[in-house]
Amino acid sequence: MKIYLHIGLEKTGTTTIQRTFMRNKQYFESIGFRYPVFDGQENHVALYNYAKVENVIDELRIYAGLKSAEDVLKFRQDFRKTIVDRLAGYEGTVVFSNEHLSSRLSGHDSLMRIKDLLSLVSDDITVVLYLRNAEDFVVSTYSTAVKCGETKSIGEFCQDLSLFRYQFDKVITNWTDAFGADNVVLREFSRSALVNGDIFDDFASVIGMEYDKSELNLKTENESLTQLQAEFLRRFNMREPLLKDGAYNKSRGNIVDVLMSLKEYGGKISITNQDHKVICNQLQPMVERLMASDPRIPAMKSLYLKEEMDGLPPPEISEDLLCDMFAALWGNKCLQ
């Protein structure tokens with residue numbers, strides 16, 4: 001059995017890869033590629049919950065019903081058995097995918113925990129990591145952060161980029177130390193670098209999968225908030241946090257899904273020229289270390305920081321416009 005472990009980065013088409021596998025699971029199985037599903041999840045967040053140090057109880061573990069270190073230890077025991085029962089003896093290729101593995105696992109022990117788990121069923125494991133321009137990555141992760149309860153404006157958010165997810169060089173070093181440099185595939189996430197300009201075609205080329213596109217359900221969605229949606233949700237988060245009393249705050253209803261359905265409130269999240277300078281000043285040392293971390297990376301031209309900001313500065317958002325969005329949400333009955 002061959003295992004491909006796709007670890008992100010976040011905001012590099014991970015949802016597209018995961019949903020394509022999920023929606024076409026039976027077809028891919030018929031051509032020798034298995035995408036295991038645990039508890040109905042389209043991505044393998046179970047691997048993150050398994051690997052992270054047991055005394056960290058974050059929202060991902062809370063969503064999975066893991067509320068204590070004891071719960072995590074019991075989950076690990078059960079999940080090891082599940083992996084062996086599902087995969088032992090399988091002779092095809094197995095694909096796992098979860099972006100939190102790159103963004104939230106910084107400890108060597110956590111990575112080795114994953115390696116030891118997958119080694120129960122195969123010794124042939126390849127890690128796949130997509131890299132993208134760091135400034136674009138910051139702006140894109142702001143959308144995800146707001147969905148997860150962030151209350152800072154984009155300008156405030158850019159002031160502190162010390163989180164591990166922005167240390168690409170350390171992500172690469174950690175995974176190559178654990179799995180070996182020859183077993184870590186690095187890919188450039190930019191339209192010009194992807195096979196056919198398409199993230200799934202590119203990933204399929206990495207894992208050696210040839211498929212008939214006419215057989216696939218390739219429905220796509222826009223997963224990122226627009227500038228207006230992000231500002232509305234940011235203010236909503238101030239009043240109704242994501243978590244309350246150690247559980248998902250049910251008062252939020254399905255606010256994110258319905259908010260993203262309001263297609264008329266478009267426009268990409270953008271930053272000011274000052275934000276651009278703040279981001280670049282913080283990330284320049286990391287990018288320099290990144291270029292020196294692996295001989296494959298300097299040729300990835302999209303990863304170099306930009307000399308100037310892309311596009312136009314963010315639009316002014318008026319209270320009247322936000323009230324219009326509230327009325328549209330109310331009309332869509334988002335809290336029912």
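These notebook entries record what I looked up in a predicted model.

**Conventions.** I worked with a predicted model, in which local features need pLDDT of at least 70, side-chain atom pairs count only at pLDDT 80 or more, and totals for chains, interfaces and linings use all residues. Residues are numbered from 1 along each chain as its sequence is written, and side-chain values use heavy atoms, with hydrogens and water left out.

**Entry on His44.** I located His44 in the loop between β2 (33–34) and α3 (45–51); helices (H or I, at least four residues) and strands (E, at least two) are DSSP runs, numbered from the N terminus. Is His44 buried or exposed? His44 counts as buried because its relative accessibility is 1%. Buried means under 20% relative accessible area, exposed over 50%, and partly exposed in between (1.4 Å probe, protein chains only). Leaving aside residues up to four places away in sequence, I found that His44 touches Tyr35, Pro36, Phe38, Val95, Phe96, Ser97 and Asn98, where contact means heavy atoms within 4.5 Å.

**Entry on Ala193.** I then turned to Ala193, which is placed in the loop between β5 (184–188) and α11 (199–207). Ala193 has 31% relative accessibility and therefore counts as partly exposed. Which residues does Ala193 touch, not counting residues up to four places away in sequence? They are Glu188 and Asp202. I also noted that Ala193 and Ser214, 21 residues apart in sequence, are 24 Å apart in space, C-alpha to C-alpha.

**Entry on Leu243.** I found Leu243 in strand β6 (residues 243–244). Leu243 counts as partly exposed because its relative accessibility is 30%.
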